[in-house]
Amino acid sequence: MFISYAHDSEAHTNAVWQLYELLRSCGIDAQLDHIAAQRRQDWSLWMADEISRADHVLVVASLTCRERAQAESGPDVGRGVQWEARLIRDAFYRDQRALDRFLPVVLPGETVEGVPDFLAPAITTVYYVREFTVDGAEPLVRLLTDKPAHVEPPLGQRPVLGIRRPPLPGEAPARPDQRLPGVHNQITGNVTGQVIQAHTVGSISLGGAPPDPDAATEKGH
């Protein structure tokens, strides 16, 4: 993970170092120019290599970073940040859907106004570090360690739902929790033929017999 920032003040540089220490303490292989500066470097190649191989590039917000990244300062001012920003813009341009690779970060004392425009801070996520602790940088730490706060529950079985028929003319609409009533037919005397019922048949009794509440189909002729 590569940290890109502007050397605009001693306080800001110290804050970036605190972020670097926090991330390293969380098992995140963060890279910072402070360490590389202890050896002679071709800085243009070093920056290109770090950005190319990084899974994530953190762009630390500051007004100086924004100004230099957007070429609003002189060509001889902050050349390192200008070059670095050009490399990041180029990588972002090649794959603009890789939002999780290029992360704007706002440290304590800074504001979102310091995020370069090409990172679209008004419409994409910006990571705020409230303090240099795991709790204070939790959203950023969770992303970089692949430890989401919420996971999707597993999909269950789809419920079996019956079809509701529209009410018949003159019939009151059934409530959602109301089952259609059963129908009882009672036949007396001698009957020859078939019994036909258009509604749900609850029970049928023949020959004057009392209705059987457990009957659910027609009995006899």
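Predicted model: local features only at pLDDT ≥ 70, side-chain atom pairs only at ≥ 80, totals over all residues.

Me: How are two packed helices described?

Reply: Two packed helices are described by the angle between their axes and by the distance between those axes. Here, the axes of helix 3 (residues 43-53) and helix 5 (residues 79-94) come within 10 Å, crossing at roughly 35 degrees. The crossing of helix 3 and helix 5 is right-handed.

Me: Which residues in helix 3 and helix 5 meet?

Reply: Helix 3 contributes Ser-44, Met-47, Ala-48 and Ile-51, and these meet Gly-80, Trp-83, Glu-84, Leu-87 and Ile-88 of helix 5. By class, the residues of this contact comprise six nonpolar, two polar and one charged.

Me: Turning to the backbone, what is the phi of Ala-120, and where is the residue placed?

Reply: Ala-120 is a residue other than glycine, yet its phi is positive, near 50 degrees. Ala-120 belongs to the loop between strand 3 (102-106) and strand 4 (127-128). Ala-120 counts as partly exposed because its relative accessibility is 22%, and partly exposed covers the range between the buried limit of 20% and the exposed limit of 50%.

Me: Where does Asp-146 lie, and why does Asp-146 count as exposed?

Reply: Asp-146 is found in the loop between helix 6 (138-145) and strand 5 (183-187). Although Asp-146 is not a glycine, its phi is positive, at about 55 degrees. Asp-146 counts as exposed because its relative accessibility is 64%, and exposed means over 50%.

Note on methods. Residues numbered from 1 in each chain as written. Heavy atoms only, no water. Axes fitted to C-alpha atoms, helices over the stretch in contact; angles between N-to-C directions. Helix = DSSP H or I, 4+ residues; strand = E, 2+ residues; numbered from the N terminus. Left-handed = near helix turned anticlockwise from the far one by under 90°. Contact = heavy atoms within 4.5 Å. Nonpolar A, V, L, I, M, F, W, Y, C, P; charged D, E, K, R; others polar. Buried < 20%, exposed > 50% of the residue type's maximum accessible area, 1.4 Å probe, protein only.
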